[in-house]
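I opened the complex today to go through its sheet, its domains and its contacts. My notes follow in the order in which I looked things up.

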Amino acid sequence: MNWNHFGIVALVSAVCWILAALFALLKAKNQALQSEAISRKALLCSVAGIVIISVYIISFWQYLERPPLKTIGETRLWYALFMGVAGLITYVLWRFPWILSFSALMSIVFMMVNLFKPEIHNQVLMPALQSPWFIPHVTVYIFSYALLGCSFLLALAALFKPALNVDRAIWHLVIAGISCFSLGMLFGALWAKEAWGNYWSWDPKETWAAITWIVYILYIHLIRFRYRNKKIVYLVLIFAFVALQMCWYGLNYLPAAQQSIHVYGS
Amino acid sequence: MKWLFSILGILSLILQLITGSVPLHLFAFPTNLLALLLLLYLVWMDHRFSLRKEKPSVLTSSSASILAITGLLLGMLVLGLFPQAEFWSPAPNEDNLFIQIAYCLGFYSFTSSWIFVFILLHFLTVLAAVIYRRGLSLLQKLKHTQKGQRVNWTDLSFALNHLGLWIAVMAGFLGSSDEIRCKMIIDRQGLINVAYKKPNGQHSLPFYLGLKDFEIQYHPSGQIIDYRAVLWMAESKESFPAAATLRVNHPLRYKAYDIYLSTYDVEKGEDSEFVVLLLIRQAWKKLMYSGIIMMVLGALLLFITSARDLKQKQS
């Protein structure tokens, strides 16, 4: 299979993932958010979507006679696949009913970009980005942003409505999110050593990733030590999310960071 | 112990104001090893003291952990908010008082300031104390564990995350003074062993390198996909050289050095007559890798065990 077959593959896998997201949400609604049981139909559809896109990638690999990792369009295929895989693992392990909707949305966005911007199919990645670390590094980061973003929304709600009982949900979201965030940072360190000779070079993006990570670590320790001032805890989470925005895209507007190797397109 | 760290904190501030940035070579081997032993001795002393006085340990208290994390956070915020000298330098004769103060405190090259060194050493000491205490209680627990009992994954996740972080930060921080990082320009004229270290130093390598061939791979659109150089490598000037291919982003390891293909004469492209190599020797590299791998396993385990805890609570 080549790029000509991608349209149909994208359509079928998108339908599978949308169905999986709907089944997961319906199951949660029917259970009145009590048991948070896994929907088998959601699992089946999710796996079907993953298998379809995997088969396409393998067949495309054979057609190209090299791993499809050299162009921007090719990396988008892997993003779509790994978003689906990460969403499925998180759904099975954590049972957040909405997570499949998020992973489906992100995968579909990546596939749509490939469909509507065919010029990126041949746009070669610069040699430094042609690394096996690139895709896991980016996908676990994007995934952690989603989980940590949800924890921020809950913290914000609880700050203004203290009667809301969301502390346990926030805790689990942060633990899942920070695990993925840590993996993103560590994969980045291993990649940086391989490509530039240093695990960590205090590039502004790396510094802001470290700030974000430390604020979430501070939150985890405050909870572990049973710190009682909930307002402070929520404020720490809100600050952590602000740092995360800085790390993600805020950096592009920071005059001090214009020389960062992570500032693109300027 | 509190007093000791307060004095060290003030001392780092005074040193920064008087002497400016930390001379990196000051922490080269064996000073970095001595600093590490001193740090471990402080941890052991704190533990002994708490046992003797039957008081809780100062370094492993919750407030010590929060203080160490907050200290590190403040240090990182300085790094994130103040442009660092590597990327930016203030205009000469800067009149702004705030910038002058920040400059005196080393905020514009914070990774080499005494204050940052103090923050990291404090963090590493508190983290080592926490690992030591948890390690001891884990050993006690293991002694009383009967055969056939299941491994406690939460303890393992704690050990991997905390010990991995400690090893990685310690190896990165204390090992940075022992790092050799130099650049070398090689051509087809012959084999050389002279590389250049910042700021203006020459470095003699324990081997000789030369350029045999250079090639660039282009995409049909004209963009560069890959470039590679075939190097001559020899142990001495007299010995027979061996050829080895070096690709961009695919370093070669030779005699404890990592050799990277950095750049070439971009104007001449494929006809470039020279290539620039980056050579790095990190004596603490294996420690760093083991710390990172422990943290990767720790993060995976944290993800899985916390999900299991969530399910257990629900059931």
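In which order do the strands of the open sheet of 8 strands in chain B run? I read E5-E4-E3-E2-E1-E8-E7-E6, with antiparallel pairing.

Before going on, I note that this is a predicted model, in which local features need pLDDT of at least 70, side-chain atom pairs count only at pLDDT 80 or more, and totals for chains, interfaces and linings use all residues. Residues are numbered from 1 along each chain as its sequence is written, while chains are lettered from A and ligands numbered from 1 in the order in which they are written.

**Entry 1: the sheet**

I took strands (E, at least two residues) and helices (H or I, at least four) as DSSP runs, numbered from the N terminus. Two strands pair if DSSP finds at least two bridges between them. Strand E5 (242–247) and strand E6 (252–254) of chain B are the edge strands; each has a single partner strand, so one side of each is left without a neighbour in the sheet. On average, neighbouring strands of this sheet are turned by 40 degrees against each other, direction ignored. I then looked at one pair: strand E4 (residues 224–234) of chain B and E5(B) are joined by 6 bridges in the antiparallel sense. Leu231(B) stands opposite Ala244(B) in E5(B).

**Entry 2: confidence**

I checked pLDDT, the predictor's confidence in each residue, from 0 to 100. Chain B has a mean of 89, and 93% of its residues reach 70 or more. For the complex, the predictor gives an ipTM of 0.91 and a pTM of 0.87.

**Entry 3: domains**

Domain bounds come from an automatic or database domain assignment. Chain B is divided into domain 1 (2–178 + 286–314) and domain 2 (191–281), and I find their C-alpha centres 37 Å apart. Chain A is divided into domain 1 (1–123) and domain 2 (126–266), with 24 Å between the C-alpha centres. I count two residues as in contact if their C-beta atoms, placed from the backbone, lie within 7 Å. The contact between the domains of chain A takes 12 residues from domain 1 and 10 residues from domain 2. On the domain 1 side, H3(A) gives the most, with 8 residues.

**Entry 4: chain A against chain B**

This contact takes 38 residues from chain A and 43 residues from chain B. On the chain A side, helix H3 (72–94), helix H6 (167–196) and helix H7 (204–224) each give two or more residues. The largest share, 11 residues, comes from H6(A). I sorted the chain A side into 25 nonpolar, 10 polar and 3 charged residues. Here Ala, Val, Leu, Ile, Met, Phe, Trp, Tyr, Cys and Pro count as nonpolar, Asp, Glu, Lys and Arg as charged, and the others, Gly among them, as polar.

**Entry 5: a helix pair in chain A**

Helix H5 (residues 134–160) and helix H8 (residues 230–248) of chain A pack at an angle of about 140 degrees, with their axes 9 Å apart. Axes are lines fitted to C-alpha atoms, for helices over the stretch in contact, and angles run from 0 to 180 degrees between N-to-C directions. Residues in the contact include Phe152(A) and Leu156(A) of H5(A), and Tyr234(A) and Phe241(A) of H8(A). By class, I have 13 nonpolar, 2 polar and 1 charged residues in this contact.
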